[in-house]
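These are my notebook entries from a first reading of the structure shown here. I kept to what could be looked up directly and wrote down each term where I first needed it.

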Amino acid sequence: MNPRLTVATTRRVLTQLRRDPRTVALLLIVPCVLMTLLRYVFNGSPLVFDRIGPELLGIFPFTTMFVVTSVATLRERSSGTLERLLTMPIAKLDLIAGYAFAFALVAIVQVGLAAALSLGVLGMTVEGGVVLIVVLAACNALLGTALGLFLSAFARTEFQAVQFLPATVLPQILLGGLLIPRNQMAPVLHAVSDVLPLSYAIDAMHRVGNGEQWSGGLAVDLIVVLGSVVAAVGLGAATLRRRTP
Amino acid sequence: MPAVITTTDLVVARGGREVLRKISFGVEAGTVTGLLGPSGSGKTTLMRCFVGVQIVASGTVEVLGRPAGSADLRSRIGYVTQSPAIYTDITLAENLRYYATILRASSDDIDRVVEQVDLSDRMGQVVGSMSGGERARVSLASALLGGPELLVLDEPTVGLDPVLRRDLWALFHELATSGVSLVVSSHVMDEAERCHRLLLMRDGTIVADDTPAGLLERTGGSDVEDAFLRIADAGDAA
């Protein structure tokens, strides 16, 4: 691995994004609009907004980054640039990590905006601290990016790539404790949710939303999330093959 | 002359079918070798073997004295794929800067290669807004970065106007004179006469391996296309 090439890849991906202002606008504005919607859906019960608002703040960047990353890497495969790059002196991890850093940067801006709006204008209160919630949301975005990178290896067409969202992200949201606490689920579902990385991401957002400061439980959540990121990036690099049929 | 590419009994199978059938030949350094044949004859697959991205069923491919696909070959071979492998949503300059970083090429080198493909005045243009021929030249420019010893060019002149095609062939010969080896595929037979040596491919085999003059003399054909037809007819009759 060579940091110079990782940075060059990150810069190239960000340049591609910059030349597509509509995508950038969608990436940054959609979470803000959704948070605003959520706020007024629960207009009569601000406590509900305070309870699930922080968790959703973590899920939005996770899903958008998942989709954007899947499509971007699939495009790299189908345009032939990936095969070309694999004939060149660049490590597979430089490529994958380059992508991960680029989208993580976008995610931080995305979450920063959505959090500023939610806390500053929409009146969401996060007892555990604003900085912590933004950091966690950025980790979730990184998780979305990493899973998108990894799973896009299994998509042959754009249709398949987009279908991976309902296939792999929605179950994680359903089982992640957003709708009902995980310990109230049937034992089988609870066991399944134990191995899904998003469960820990949602748990972390929940803890901070409820006023928990830095704690052992939060640290475990964060380690699981970041561990999943590293694992998915590593697996993503491993699924890239220099030689193909 | 030392061989830059040597293949021995090379077999590639795809979907249960042999797309390259026991191919053996050598390419000499500092020459322009033309790989000619109809679409589907195995040209692209053979080129993919040279750059080490093709899974090979049996046989060997040695490039610049190393097994094809070796890590240390990656900066020594320039590869132009059939459809331009470039980023269409960023500018020419941004494309070349990215590839130059990977190949450790200098910014002087970027100026050199755009000069060579005659796109110096288009550095700020988004590649997606260029014509097909211009995109092919962007792809070629990026393959010239870093001064590779071997250039593997898959149909680099498709869709180019004749003046440009002539200029690019002049460039290929200039590079060959400076010691670079080139393998250029084409399905346009009239490009054959500009090569030092020709490999005629059909159905995954090499049906002729000769100089353009030698090929015409041996087959009695009036041009390379005619020679190819005579060889193909003789093969079908046998």
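I began with contact, and I count two residues as in contact if their C-beta atoms, placed from the backbone, lie within 7 Å. I also noted that this is a predicted model, in which local features need pLDDT of at least 70 and side-chain atom pairs count only at pLDDT 80 or more, while totals for chains, interfaces and linings use all residues. Residues are numbered from 1 along each chain as its sequence is written, and chains are lettered from A and ligands numbered from 1 in the order in which they are written.

**Entry 1: the core**

I looked up A:Leu57 and, leaving aside its neighbours within four places in sequence, found it in contact with A:Met35, A:Val111, A:Ala114, A:Ala115, A:Ser118, A:Ile133, A:Ala137 and A:Met205. For burial I used counts of other C-beta atoms within 10 Å of a residue's own, again placed from the backbone: 20 or more make it buried, 12 or fewer exposed, and anything in between partly exposed. A nonpolar core is then a set of buried Ala, Val, Leu, Ile, Met, Phe, Trp, Tyr and Cys residues joined through C-beta atoms within 7 Å. The largest such core has 132 residues, and those with the most contacts inside it are A:Leu57, A:Ala100, A:Leu142, A:Ala146, B:Phe50 and B:Val152. The largest share of this core, 14 residues, comes from α6(A).

**Entry 2: helix α6 of chain A**

Helices (H or I, at least four residues) and strands (E, at least two) are DSSP runs, numbered from the N terminus.

**Entry 3: where the chains meet**

**Entry 4: the six-stranded sheet of chain B**

Two strands pair if DSSP finds at least two bridges between them. In chain B I traced an open sheet of six strands in the order β6-β7-β8-β3-β9-β10, with mixed pairing. β6 (77-80) and β10 (205-210) of chain B stand at the edges, each with a single partner strand, so one side of each has no neighbour in the sheet.

I then followed β8(B), residues 181-186, which pairs in the parallel sense with β7(B), residues 150-154, over five bridges. In this pairing B:Leu150 is the bridge partner of B:Ser181, and B:Asp154 that of B:Ser185. Five bridges also join β3(B) to β8(B), again running parallel, with B:Gly34 opposite B:Val184. Are the faces of β8(B) buried or exposed? B:Ser181, B:Val183 and B:Ser185 on one side and B:Leu182, B:Val184 and B:Ser186 on the other are all buried.

Between β4(B), residues 58-63, and β5(B) I found two bridges in the antiparallel sense, and B:Glu62 stands opposite B:Pro67.

In β1(B), residues 3-14, I picked out B:Ile5, which is buried, with 23 other C-beta atoms within 10 Å. Neighbours within four places in sequence aside, B:Ile5 is in contact with B:Gly26, B:Val27, B:Phe50 and B:Val63.

**Entry 5: two positive phi values**

Most residues other than glycine have a negative phi. B:Asp118, in the loop between α3 (107-116) and α4 of chain B, has a positive phi of about 60°, and B:Asp203, in the loop between β9 and β10 of chain B, has one near 50°. B:Asp118 counts as partly exposed because it has 15 C-beta neighbours inside 10 Å, and B:Asp203 is partly exposed with 16 other C-beta atoms within 10 Å.
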